[in-house]
Amino acid sequence: MTRVALLTLGTFLLLAASPWIGLTDHPDAAPFIVWQLRVPRLLMALLVGLVLGTTGAVFQALFRNPLATPSTTGTTAGATLGALAVLVLAPGLAHPLALAGGAFSGAIVLSLGVTALAMAHGRSIHDILLAGVALTLGAGALTMGLQATADMSATFRAVQWSLGSLSTVGYRDVLWFTLPALLVWLLMIRRSRALDALLLGEAQAHGVGVDPVKLRTELLWVGSLGVACAVAITGPIAFVGLVVPHLVRRLAPGRRKGFIAWSGLSAGAFLALADLLARHVLPGRELPVGVMTAAIGAPFLVALVLRKTP
Amino acid sequence: MDEGDLLVLLGPNGAGKSSLMSALTGWIRPDEGQVLLSGSPIGSLKATERAASLAWLPQHTDTSESLRVDEAMRTARFRFSDTAAQEEQAITEALRWAGMLEFRQRDLRTLSGGEAQRIHLARLAVQQAPLWMLDEPANHLDPRTQREVYRLLLDRWRAGTTMVLITHDPALLLASLAPPDLPRVHLAGMKEGRMAWILPADAPDLASHLGDLYQLQAHILQTPRGPRLQLEWPS
């Protein structure tokens, strides 16, 4: 875990200096840009990354599936559908809070529908995974149906929203999101020992004194709620929760101590770095951060998978 | 069962041995009857309380995730809230007992079947429960390793651990027992979900019961090193 920690802390140092990049052209506007735009945006990226990375690491262990993501419980698909429903059915409601509210409601309805299954004894974790995939596809179909019937401007806004963006966040969002983000992180760290026992199978975990049904119910609810909050503010940001836990695992193979905690922290660093690049890589234009996370994460992960593990 | 017993569940595939063991460990709820652990219904115990009395090695272990041996050992200490030094000491002792001390930094997935099974036995030991339940602990192992697994388990049993064991190899079990062990070991024959019989390992009619159970001809030969069981097609 030392390599992960050094890499993450190094990135944090770089990020701490980042709000002052390229400000020499506009000395008058500098304090406003730094303190009102860039700092809250950086903080939000760190917090959203924290939730996505932690939840991704936990869900992959819980589902014992390397493809599980924070969206496996239908959270993102529900949020996208909810946001689009607001844009299409109530186009007059231009307020950003209406959009966030629609996204949050959709995320909660779908993910809680899926996670409710987890409470049943005798229900396999793969059933829950399958229900998550099925509901995600179903919500996706409804989303496309809505798009087909909607006018161009609503569809355009919905597509833009679904790319994920940190460009509109302010201190109010940061304040509102800090508590849930830290709670998700701390609670999941507390459960990491029980989660490690689950790696050898649910029966093995039962044998050493873990209640797998209670554990998965709790972690699925907490993770889905945290991700629903994040998605409501920034839109869905793909790839962070999938890729970062795998990167951490590859850098510290077989190690579980600190895995959850560092997956969250390094995902925060990763997302903030991706957002920084998304703003500066094209002169005068900003890329959606989700494009950047996939553009960095995908080749990096492929390279690590292809490299023989020591 | 009483403390210090060794109960061996035998029977053809599908007889209900693993289901019975799952119910005995509280993993599944029985449709009828109840399982009492030191007088309390097993379902009423907290998971960690149960794990303090009962350690279980199920038939299958998931090894899809890369996991170091020492981290796998740590997971079996879940019921304890001990300091790093205490945990370290318990893990070292259990690995030494299983002869696996030099493997502690290795990835579980890189171990051979025999080595991995020894680690699972060490995990049972590090949990420090007085009752062990093992579902086919010597399956898929070479003949020498099978005997080593039984030697480790029976040493543990002779030192006072109560055990329930599922096996498809009663011949190997009998060959692993010393003559003084025989009257203290109980064999239970299961058929179609029911317990058909329970006999001590030195019962004179054990051969006929085993033959009946597997629908094969069974002979028990008395040798200087103890009884030896042979199973073959009826002539």
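This section describes salt bridges, a surface patch and a loop residue in a predicted model.

The structure holds 21 salt bridges over all chains. In one of them, the side chains of Arg191(A) and Glu218(A) meet at 2.5 Å, N to O. This pair links distant parts of the chain, 27 residues apart. Arg191(A) sits in the loop between helices H7 and H8, and Glu218(A) in helix H10. Arg191(A) is partly exposed, at 23% relative accessibility. Glu218(A) is also partly exposed, at 26%.

A salt bridge of 3.2 Å, N to O, joins Asp196(A) to Arg256(A). Asp196(A) lies in helix H8 and Arg256(A) in the loop between helices H11 and H12, so the pair ties together parts 60 residues apart in sequence. Asp196(A) is buried, at 5% relative accessibility. Arg256(A) is buried as well, at 4%.

In chain B, Arg144(B) bridges to Glu148(B), with the closest N and O atoms 3.5 Å apart. Both residues belong to helix H6, and because they are four residues apart, about one helical turn separates them. Arg144(B) is exposed, with a relative accessible area of 62%. Elsewhere, salt bridges with shared partners join Arg193(A), Arg255(A), Glu71(B), Arg74(B) and Glu87(B) into one network.

Trp20(A), Trp35(A), Leu43(A) and Tyr171(A) make a nonpolar surface patch of about 410 Å². Trp20(A) is in the loop between helices H1 and H2. Its relative accessible area is 47%, or partly exposed.

Thr72(A) occupies the loop between helices H2 and H3. Thr72(A) is buried, at 10% relative accessible area. A polar atom of its side chain lies 2.6 Å from the backbone nitrogen of Thr69(A). Among the residues touched by Thr72(A) are Phe63(A), Leu129(A) and Val133(A).

Conventions
Residues are numbered from 1 along each chain as its sequence is written. Chains are lettered from A and ligands numbered from 1 in the order in which they are written. This is a predicted model: local features need pLDDT of at least 70, side-chain atom pairs count only at pLDDT 80 or more; totals for chains, interfaces and linings use all residues. Side-chain values use heavy atoms; hydrogens and water are left out. Patches are made of residues with over 30% relative accessible area and no salt bridge: like charges are joined within 9 Å, nonpolar side chains (Val, Leu, Ile, Met, Phe, Trp, Tyr) within 5 Å. Accessible areas come from the Shrake-Rupley method with a 1.4 Å probe; for residues, only the protein chains shown count as cover. A salt bridge is a side-chain nitrogen of Lys or Arg within 4 Å of a carboxyl oxygen of Asp or Glu. Helices (H or I, at least four residues) and strands (E, at least two) are DSSP runs, numbered from the N terminus. Buried means under 20% relative accessible area, exposed over 50%, partly exposed in between (1.4 Å probe, protein chains only). A polar contact is a pair of N or O atoms within 3.5 Å; within protein, one must be able to donate a hydrogen and the other to accept it, and residues adjacent in sequence count only if both atoms are side-chain atoms. Contact means heavy atoms within 4.5 Å. Lists of a residue's contacts leave out its neighbours within four places in sequence.
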